[in-house]
Amino acid sequence: MIDTHAHLSDRFKREVDLSHLDWVILSASSLVDSKDNLELAKNNPKLLPAVGIHPMEKITDIRATINELEKLITGEVVAIGECGLEFGDEVDKEKQVELFEQQIELSLKHKKPLIVHSRKASDETIEILKKYKNLRGVIHCYTGGKKRIKGYLEISDEWYFGIDGNITYEIGLEEVVKEIPKNRLLAETDTPFLAPVPHRGETNQPEWVKYVYGKIAEIWGMRVEETEKILDDNAKRLFGI
Ligand SMILES: [Zn+2]
C-alpha cells in the first residue's frame with residue numbers, strides 16, 4: 001500500500017506508523033518543506049520526497065525561489081509539487097500562474113511528474129496543463145467533478161487523479177470515482193488533513209490510506225487485494241518507484 005500524498009515536514013511532524021505501508025510520497029508546499037522532505041527521506045527508505053511551492057505560499061521573487069527549488073532536485077526526488085492554482089479572494093492570479101508554469105517547466109526539464117493542487121480554478125488549471133506536451137502527473141485531491149475528467153485525461157496518457165479520505169463521506173465523490181479509468185487513480189491521505197471515516201475530525205496519518213483503498217474496492221466491486229495491486233501499480237508507474 002502506498003500513500004501518494006502526505007505532509008510530514010517539520011511543521012506537521014510527529015510519530016507515524018509506516019509498518020503497514022510500502023511507501024509514502026512526501027508533498028511539499030514551500031522551500032522549507034522541500035528541504036525537510038529531503039532530510040526525512042534520508043533517514044527512512046519508505047519516504048519518497050517531492051519538492052515544490054504551493055500556490056498560496058507568499059513569494060516575493062519567483063525567479064529566485066524557482067532557482068532555489070531547482071537546486072533541491074536530486075535523483076531521490078520523485079515529483080515536483082504540490083504546485084498549481086488556488087483562486088480565492090484577493091489572490092494575485094497572474095503571479096500564481098507564473099509560479100505554476102515555472103514548476104511545470106522544472107517537471108519537464110528534470111523528467112519528474114507533477115503534483116498539482118487546484119482549488120476554485122479547475123478550468124484555468126486544465127487550460128494551462130494542456131499547453132504542454134508530454135506532461136506526467138496527478139491532480140491531487142480531485143474535486144473537478146465528473147465533467148472535467150475528460151479534460152484531465154486529454155492532458156496525456158500519464159495523467160492521474162488523486163483520491164483522498166473524503167471519498168469515505170462525500171457521496172457525490174463515489175460517482176466521480178466510477179467515471180475515472182482504474183489505471184488513472186491514485187490513493188492519498190493529504191496527511192494531516194482530510195482524515196477518513198472512522199477517524200473523521202482527527203489528525204490524519206498515512207496508515208489510514210487503507211480506508212481509501214477499502215472504499216475504492218467497494219466502489220469498483222473488487223477485492224481489496226486486487227484493488228491494491230491496481231492502485232500500487234499506478235503509483236509505481238507515475239513516480240518511478
Ligand atoms: Zn497536500
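## Strands E5 and E6

E5 and E6 pair in the parallel sense over 3 bridges, where two strands count as paired if DSSP finds at least two bridges between them. Val116 stands opposite Ile139 in E6. From E5 the chain crosses through helix H4 (residues 122–130) to E6, and this β-α-β crossover is right-handed. Right-handed here says that, with the strands pointing away from the viewer, the path from the first strand over the helix to the second runs clockwise. The element names follow DSSP runs, with helices (H or I) of at least four residues and strands (E) of at least two, numbered from the N terminus.

Please keep in mind that this is a predicted model, in which local features need pLDDT of at least 70 and side-chain atom pairs count only at pLDDT 80 or more, while totals for chains, interfaces and linings use all residues. Residues are numbered from 1 along each chain as its sequence is written.

Strand E2 (residues 23–26) runs parallel to strand E3 (residues 47–51), and 3 bridges join them. In E3, the bridge partner of Leu26 is Pro49, and that of Ile25 is Leu48. The chain crosses from E2 through H1 to E3 in a right-handed β-α-β crossover.

Contact between two residues is counted when their C-beta atoms, placed from the backbone, lie within 7 Å. Lys35 is found in helix H1. With 17 other C-beta atoms within 10 Å, Lys35 is partly exposed; the scale calls a residue buried if 20 or more other C-beta atoms lie within 10 Å of its own, exposed if 12 or fewer, and partly exposed in between, with C-beta atoms placed from the backbone.

## Inside the core

E3 is mostly covered, with 5 of its 5 residues buried. Leu47, Pro49 and Val51 point one way from the strand, and Leu48 and Ala50 the other way. On its other pairing, E3 joins E4 in the parallel sense over 2 bridges, with Ala50 opposite Ala79 in E4.

Which residues have the most contacts inside the largest nonpolar core? They are Ile25, Leu26, Leu48, Ala50 and Phe161, in a core of 57 residues. A nonpolar core is a set of buried Ala, Val, Leu, Ile, Met, Phe, Trp, Tyr and Cys residues joined through C-beta atoms within 7 Å. Leaving aside neighbours within four places in sequence, Phe161 is in contact with residues including Val138, Ile139, Tyr142 and Leu185.

## E4, H3 and E5

E4 and E5 pair in the parallel sense over 5 bridges, and Glu86 has Arg119 of E5 as its bridge partner. E4, H3 and E5 make a right-handed β-α-β unit. 5 of the 6 residues of E5 are buried, so E5 is largely enclosed by the rest of the structure.

## Helices H7 and H8

Helix H7 (residues 209–220) and helix H8 (residues 224–239) pack at an angle of about 105°, with their axes 9 Å apart. H7 and H8 are therefore roughly perpendicular to each other, a label that covers 65 to 115 degrees, while angles under 35 degrees count as roughly parallel, over 145 as roughly antiparallel and the rest as oblique. The contact is made by Tyr213, Gly214, Ile216, Ala217 and Trp220 of H7 and Val224, Thr227, Glu228 and Leu231 of H8.

## Backbone details in the loops

The loop between E8 and H7 holds Pro192 and Pro198. The peptide bond from Thr191 to Pro192 is cis, with omega near 10°, and a cis peptide bond joins Val197 and Pro198, with omega about 15°.

Lys120, in the loop between E5 and H4, has a positive phi of about 55° although it is not a glycine. Lys120 counts as partly exposed, with 13 C-beta neighbours inside 10 Å. Cys141 lies in the loop between E6 and helix H5 (149–153) and has a positive phi of about 45°, again without being a glycine. With 22 C-beta neighbours inside 10 Å, Cys141 counts as buried.

How values were computed. Axes are lines fitted to C-alpha atoms, for helices over the stretch in contact, and angles run from 0 to 180 degrees between N-to-C directions.
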